[in-house]
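Hi everyone, thanks for coming along. Let me put the structure up on the screen, and then I'll walk you through it.

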Amino acid sequence: MTDQKPFVDIRHAKKSYGTLEVLKDISLQVHRGEIVAIIGPSGSGKSTLLRAINDLDPLSGGEIWLEDTQVNMDLPHRQYEKHINEVRQNIGMVFQHFNLFPHLTVRENITLAPKLLKGINDAEANKLAEEQLAKVGMLERIDYYPSQLSGGQKQRVAIARALAMKPKVMLFDEATSALDPELVEEVNQVMKALAEEHMTMIIVTHEMGFAESVCDRVLFMDQGVVVEEGPPSVIFRNPQNERTRNFLRKHLADANK
Amino acid sequence: MGLDFSVIPKYLDVVMMGAVWTVAITVAAALLSFFGGIVFAVIALYAPKFVRLPFRAFEWLFMGTPLLLQLFLIYFGLVQIGIDLPAFVAGVIGLGLHFAVYNSELIQTAILAVDKGQMEAARTLGLSRGQALKKVVVPQAVRDVIPPIGNNMIALLKDSALVSVIGVSELTLSAQLAIGRTYRPFEFYVLAAVFYYIINLGMEAVLRRIERKVQAAR
């Protein structure tokens, strides 16, 4: 697998807000079917890096590639908008605060983008919504509004909404951080199921246990750089870097409080 | 000369016809002000500068001058540049645009208050900015300001009496016609007031229904 061309290729990503450097020359290759976790303290730049992949937070320098397409291509505004809208259809994203559309039902949340962008009819869209909802175990809530769902249910619907676009890669931005502890597991289960289907995933998370059990590779970021990366067994059991050790120790202490 | 309400039945149909016109002009102007308000809000927030600046002047014209003057300008003034509108149409346009500007202010504030994550989620799925505004942001913003827009619509109903001055025989003008024949101002103004009140109740009932309908989708 590793001798293939990378599926997602981040080359020398740099990002600064004024004089504050949030990303300092980060490169990351993710292969098809690989599951990568990014961990690190808040403010380390991990969410910024994730959001750069679909250009929600544009980079100040560097390149993002998805297969043979450069995501942050240099184009005149109009052409770029067209380009990025097409690219984003291939990149699913799940947010910490779900960002479901509250004025639409679960069904409409899922069918909105496919209907608009893929020109499918109502029957096909409904079938798609049912398929994706069955996958995340939310089929029986298809005609509910988001306000009638728990946090875990909302996030499962949000995952189904992203999957309905048949993305090539899924980005998770602290998908379980806003959930009550007892609701985290149902979302983790859905993500595990995706992992078993070999969906390519990049996961920003605070859940070390989940990262360890699901991911192929873990990156530890701090102050805009990748401090250490490796298989979860090394990062979590035998980290080489002092900063990684400190972070994990502190994190564990906080978790046990 | 005391009060004599017995004159009312003879002119009831005149006043009722006026009430029908008031309802017609209010509904037409309310629809124009609602959809116009949405369009104006999007222009004010997202149009390029060369559209936005002249639009500001237009907004100022409608917010900073009396509605009465606006009606005169549209009905009597536009004739000079070859736009000869029927009084009813001029009244609907005047009232509709006037309140569209007020609705636009409400909708603009509401658009800016919609959580940033909504636009992000829509863009992430591949929607363009225009599509995201149309399908995700604006509907939520409008839903959030249904109650204050409803208040504007009640004000619109009351201000519809002003179109009597350009000769639309709506409720107030019809009452005046009846008064002209009977010399009974108190009786017919009270009658007109009763009709306004009834129309008002009807509007509030409709607004409550709309509010209840959007309540679920929160």
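Predicted model: local features only at pLDDT ≥ 70, side-chain atom pairs only at ≥ 80, totals over all residues.

Residues are numbered from 1 along each chain as its sequence is written, chains are lettered from A and ligands numbered from 1 in the order in which they are written, and side-chain values use heavy atoms, with hydrogens and water left out.

Let's begin with chain B. Taken along the principal axes, the C-alpha atoms of chain B fill a box of roughly 75 × 45 × 20 Å.

Now to the packing in that chain. Helix α4 (residues 87-113) of chain B packs with α7(B) at an angle of about 160°, and their axes are 10 Å apart. Axes here are lines fitted to C-alpha atoms, for helices over the stretch in contact, and angles run from 0 to 180 degrees between N-to-C directions. That angle makes α4(B) roughly antiparallel to α7(B); the cut-offs are under 35 degrees for roughly parallel, over 145 for roughly antiparallel, 65 to 115 for roughly perpendicular, and oblique for the rest. The crossing of these two is right-handed, and by convention a crossing is left-handed if the near helix is turned anticlockwise from the far one by less than a right angle, and right-handed if clockwise.

Who touches whom? On the α4(B) side, the contact (heavy atoms within 4.5 Å) includes L95(B), F99(B) and Y102(B), and on the α7(B) side it includes I149(B), M153(B) and L156(B). By class, that contact has ten nonpolar, two polar and one charged residue. For the classes, Ala, Val, Leu, Ile, Met, Phe, Trp, Tyr, Cys and Pro count as nonpolar, Asp, Glu, Lys and Arg as charged, and the others, Gly among them, as polar.

The next pair is α1(B) with helix α2 (residues 49-64) of chain B, whose axes come within 8 Å and cross at roughly 130°. These two helices are therefore oblique to each other, and the crossing is left-handed. F40(B), I43(B), A44(B) and L45(B) of α1(B) meet V51(B), R52(B), F55(B) and F58(B) of α2(B). That contact holds seven nonpolar, no polar and one charged residue.

Over in chain A, compare helix α3 (residues 106-118) with helix α4 (residues 122-135): their axes come within 9 Å and cross at roughly 125°. α3(A) and α4(A) are therefore oblique as well, with a right-handed crossing. Among the residues in contact are I110(A) and P114(A) of α3(A), and A125(A) and L133(A) of α4(A). The class count for this contact is seven nonpolar, two polar and four charged.

On to the open spaces. The search uses a 1 Å grid over the protein atoms alone: a cavity is a set of points where a 1.4 Å probe fits but cannot get out, a pocket is an open set with protein on both sides within 12 Å along at least five of seven lines, and lining residues have an atom within 4 Å of a point. Grid points are joined across faces, edges and corners, and a volume is the space filled by probe spheres set on the points.

The largest pocket holds about 400 Å³. Of its 16 lining residues, A30(B), M153(B), V206(B), L207(B) and I210(B) are closest to the centre. α1 (8-46), α7 (146-159) and α9 (185-215) of chain B each give two or more residues, and α1(B) gives the most, with seven. The lining has 14 nonpolar, two polar and no charged residues.

The second largest pocket, about 290 Å³, has its largest share of lining, six residues, from α9(A). Its lining divides into six nonpolar, three polar and four charged residues.

Notes. Helix = DSSP H or I, 4+ residues; strand = E, 2+ residues; numbered from the N terminus.
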